[in-house]
Amino acid sequence: MIFMFKLFKKKPRVYSKIENHIFGIITELLKVGSTDINCDELGGKYYLSNEEQHFKVTILGHDNVIRLTNTRDSVAEKYDKIFVEDVLKAVKEEKHRRMEVVYDSITNSIEKMAERLHNTLIESNSSVDPNEQENQIVRRLETKHVKNKKVNY
């Protein structure tokens, strides 16, 4: 029975030396916060750009091509489909992680703003005399009767 499970066990993907090197370059670029990640998901194109290091990577997902560009050289090669999919998976995960960080930051800012507004409203209402506050509410509820007023449609 144990032997049977070993037959179906998926072997880990072994990359070539150049694929390991390229995957390492791309993952190191993704770790750096100054690396921009842009994508055209419909066209299957992904762009990594780090202006500080003068390095760019273009991944053409549909063609399985990866282009590495620095100030002196530009190399584009076609790679194994599984390798390119693994690279794209890493790029998409980092892009998603960065989007979550931005989303969390925006959510926290909105929550803090709402809390400050709430506290300001409480402070402004507590400074008003309770009898005066009731009079303001009653005045808002009063309506004026208008006689013989025609409305044009």
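A residue is called buried if its relative accessible area is under 20%, exposed if it is over 50%, and partly exposed in between, with a 1.4 Å probe and only protein chains considered. Helices (DSSP runs of H or I, at least four residues) and strands (runs of E, at least two) are numbered from the N terminus. The structure is a predicted model, in which local features need pLDDT of at least 70 and side-chain atom pairs count only at pLDDT 80 or more, while totals for chains, interfaces and linings use all residues. Residues are numbered from 1 along each chain as its sequence is written, and side-chain values use heavy atoms, without hydrogens and water.

The protein chain contains four helices and five strands. Read from the N terminus, its elements follow the order α-α-β-β-β-β-β-α-α. Of the 153 residues in the protein chain, 20% are buried.

The buried residues of α2 are Glu-19, Ile-22, Ile-26, Leu-29 and Leu-30. Because these residues cover an arc of only 100° around the axis, they lie on the same side of α2; the arc is taken from the directions that lead from the helix axis to the C-beta atoms. On the face turned away from this buried side, α2 carries the exposed residues Lys-17, His-21 and Lys-31.

A nonpolar core is a set of buried Ala, Val, Leu, Ile, Met, Phe, Trp, Tyr and Cys residues joined through side-chain atoms within 4.5 Å. The largest such core has 20 residues, and those with the most contacts inside it are Ile-26, Val-57, Ile-59, Ile-66, Phe-83 and Val-91. At least two residues of this core come from each of α2 (17–31), β2 (45–50), β3 (55–60), β4 (65–69) and α3 (81–126). Helix α3 supplies the largest share, six residues. If residues up to four places away in sequence are not counted, Val-57 touches Ile-26, Leu-29, Tyr-46, Tyr-47, Leu-48, Ile-66, Arg-67 and Leu-68, where a contact means heavy atoms within 4.5 Å.

Phe-83 also takes part in an aromatic arrangement. Rings of Phe, Tyr and Trp (its six-membered ring) pair if their centres lie within 6.5 Å, and their planes count as stacked under 30 degrees apart, edge-to-face over 60 and tilted otherwise. By this rule there are four aromatic pairs. The rings of Tyr-15 and Phe-83 have centres 5.2 Å apart and planes at 75°, so this pair is edge-to-face. The pair links distant parts of the chain, since Tyr-15 lies in the loop between α1 (2–8) and α2, whereas Phe-83 lies in helix α3, 68 residues apart. Both Tyr-15 and Phe-83 are buried. Ring pairs join Tyr-15, Phe-23, Tyr-79 and Phe-83 into a cluster.

Most residues other than glycine have a negative phi. His-54, which is not a glycine, has a positive phi of about 50°; His-54 sits in the loop between β2 and β3 and is partly exposed, with a relative accessible area of 48%. Asn-64, in the loop between β3 and β4, likewise has a positive phi, near 60°. Asn-64 is buried, with a relative accessible area of 14%.
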